[in-house]
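Hi there,

Here is the structure I promised to pass on to you. Have a look at it first, and then read my notes below.

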Amino acid sequence: MSAATIAPFRAGEFHLFTARGRDFVYLVPSGGIFELTPAARQILDFAQRTDADSEDLIAHLANVGFAELEIEETVTDLIDAGALLAPGTAPEPRIDPPKNFPLQTLVLNLTNQCNLSCKYCYEYGDDKVATPEGKPKFMDTETSRAAIDFYFAESQGTKALHVTFFGGETLMNFPLLKEVVDYATNKAKSEGRFIDFSLTTNATLLTPAIIDFLAANRIGVTVSIDGPPEMNALRVYQNGRGSYDIIAPKIKLLLEKHKTRPIAARVTLTADVTDVLKIFRHLTQDMGFQEVGFAPVTTSENRLYAIGGSKMDSVLEQFKLLAQEYLDAAVEGRHHAFSNVTDTLSELYNGVNKSHPCGAGLGLAAVGPSGDISPCHRFVDSDTHSLGHISTGIDRAKQDDFLHRGHINQKYDCHTCWARPLCAGGCHHEAYVRYGDTGHPNLHYCDWIRDWTDTCLSVFGAISTHNPVFLEKFEKR
Ligand code: SF4
Ligand code: SF4
């Protein structure tokens with residue numbers, strides 16, 4: 001055996017990580033995740049560090065006790081997997097979503113009005129992009145039906161449909177929500193399709209009758225709440241009064257009576273609200289939420305409530321502790337409520353490799369009270385970001401422009417980043433608020449994103465070793 005029998009190679013695009021003492025590789029172009037033998041780990045380490053040369057490799061690995069045959073076979077396996085590339089191999093072409101990708105999800109903003117005045121709200125705060133002046137404040141029946149008709153027409157070929165209700169405060173237009181559920185359910189039945197619904201609410205307007213309706217119709221509910229009273233302090237009425245005491249008993253009732261879907265809490269982290277562990281314990285143990293997701297506020301960094309670097313580090317450390325708890329639970333086959341991990345595991349399991357950071361403007365569209373179509377709920381009522389109107393359909397030129405700018409190919413800073421299959425540059429809305437362009441990569445948090453993605457990879461790797469059956473629930477049906 002000599003170096004000449006080892007196929008020549010160079011490093012492909014991959015990220016090495018460990019999980020409970022075992023070595024894994026995440027393959028960037030394919031999204032594949034594999035456990036590595038000790039020889040494979042050494043070879044990839046070597047290939048990543050130097051311009052690999054077969055003779056050097058053999059000398060290096062022979063020094064640490066590997067036989068040439070094992071090295072040769074491992075190199076061949078790594079080339080087959082795409083972790084190493086044979087010379088002259090072109091990078092895998094990026095798969096673009098097909099033109100006129102069918103809509104998968106419709107967001108209906110039933111109103112742009114809200115009975116709270118949360119200090120960080122993207123709809124009303126300093127970072128708002130909406131231009132609601134002169135437009136209806138509440139969606140009416142005719143517009144909602146036209147929006148549903150538009151959605152059904154734009155999702156041809158899709159069996160499973162999903163409508164999510166949003167606001168303002170969604171429940172300020174509950175009568176219309178009921179009408180839409182009725183109308184869309186009947187329409188789906190008549191076409192032999194399946195539809196489900198979800199909504200986001202601040203919970204202030206929940207009543208026993210509304211809860212009964214949501215439970216009877218299996219409507220998924222996400223409650224915006226930031227934690228115990230002292231942490232929920234930015235979620236206030238216009239007169240400055242806090243909302244926690246109003247919503248706590250309503251949430252209790254919701255959790256008692258609505259058992260047909262898991263009820264989720266969505267927490268916005270801000271400068272003074274970064275005690276992730278305390279918030280998580282309160283929302284799960286004291287209140288009983290089955291899912292809790294956290295999102296740092298999306299805002300310009302000069303806002304008082306923006307989270308600075310050291311607080312983001314603290315958030316990351318707490319995320320890691322919860323991720324460890326999640327792993328312990330998953331290994332025993334138990335549910336854990338930290339949905340930030342669940343969401344990423346689902347993406348890893350399905351090998352996603354995103355051309356765009358999210359479905360906005362692609363498989364997802366939002367319709368506002370006026371019937372304007374936007375890429376997602378955060379751009380509703382914004383003339384600058386409108387993608388058309390339900391009466392005339394999607395403006396393909398505007399959609400193409402939005403998707404072209406948001407495409408990973410346009411984000412040159414991301415091209416050498418191993419986290420891009422999952423991140424793809426981050427939220428379009430955040431990019432607009434930070435950089436004035438929806439297509440700009442969110443470069444202010446790259447290290448944070450990579451560190452968090454590495455944590456989720458470790459959780460994934462450990463679960464795949466210790467309880468792989470747990471991951472099967474992420475199979476996309
Ligand atoms: S925004 Fe940063 S973390 Fe995300 S893909 Fe681009 S370079 Fe990577
Ligand atoms: S653009 Fe941002 S807010 Fe809108 S769906 Fe995408 S990630 Fe969410």
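Let me start with ligand 1: the largest share of its shell, 3 residues, comes from α14. Both α12 and α14 supply at least two residues each to that shell. Around ligand 1 you will find Asp413, Cys414, Cys417, Arg420, Cys423, Gly425, Cys446, Ile449 and Arg450. Sorted by class, the shell has 5 nonpolar, 1 polar and 3 charged residues. Please keep in mind that this is a predicted model.

Ligand 2 has its own set of neighbours: Cys358, Ala360, Cys376, Arg378, Cys427, His428 and His429. By class, that shell has 4 nonpolar, 2 polar and 1 charged residues.

Now for the protein as a whole. It has 14 helices and 15 strands, and buried residues make up 54% of its 477 residues. The C-alpha trace spans about 80 × 50 × 45 Å along its principal axes. How does the radius of gyration of the protein compare with that of a compact globule? A compact globule of 477 residues would have a value near 23 Å, so the 24 Å of the protein agrees with that. As for contacts between residues at least 6 apart in sequence, 72% of them join residues at least 24 apart.

One helix I would point you to is α10, residues 339-349, which is mostly covered, with 8 of its 11 residues buried. Those buried residues are Ser339, Asn340, Val341, Thr342, Thr344, Leu345, Ser346 and Leu348. What covers them? The elements over the buried residues of α10 include the strands β3 (22-27), β4 (33-35) and β11 (291-296), along with the helices α9 (309-331), α12 (420-423) and α14 (446-466). After α10 comes Gly351, which has a positive phi, near 60 degrees.

Finally, a residue to look at on your screen is Arg235, in the loop between β9 (220-224) and α7 (244-257). Is Arg235 buried or exposed, and which side chain of opposite charge is nearest? Arg235 is buried yet has no salt bridge, and the nearest side chain of opposite charge, Asp226, is 4.7 Å away. Leaving aside residues up to four places away in sequence, Arg235 touches Leu116, Cys118, Tyr120, Asn202, Ser224, Ile225, Asp226, Gly242 and Ser243.

Terms used:
Residues numbered from 1 in each chain as written. Chains lettered and ligands numbered in written order. Predicted model: local features only at pLDDT ≥ 70, side-chain atom pairs only at ≥ 80, totals over all residues. Heavy atoms only, no water. Near = heavy atom within 4 Å. Nonpolar A, V, L, I, M, F, W, Y, C, P; charged D, E, K, R; others polar. Helix = DSSP H or I, 4+ residues; strand = E, 2+ residues; numbered from the N terminus. Buried < 20%, exposed > 50% of the residue type's maximum accessible area, 1.4 Å probe, protein only. Lys, Arg positive; Asp, Glu negative; His and termini not counted. Salt bridge = Lys/Arg side-chain N within 4 Å of Asp/Glu carboxyl O. Contact = heavy atoms within 4.5 Å. Rg over C-alpha atoms; globule rule 2.2 N^0.38 Å.
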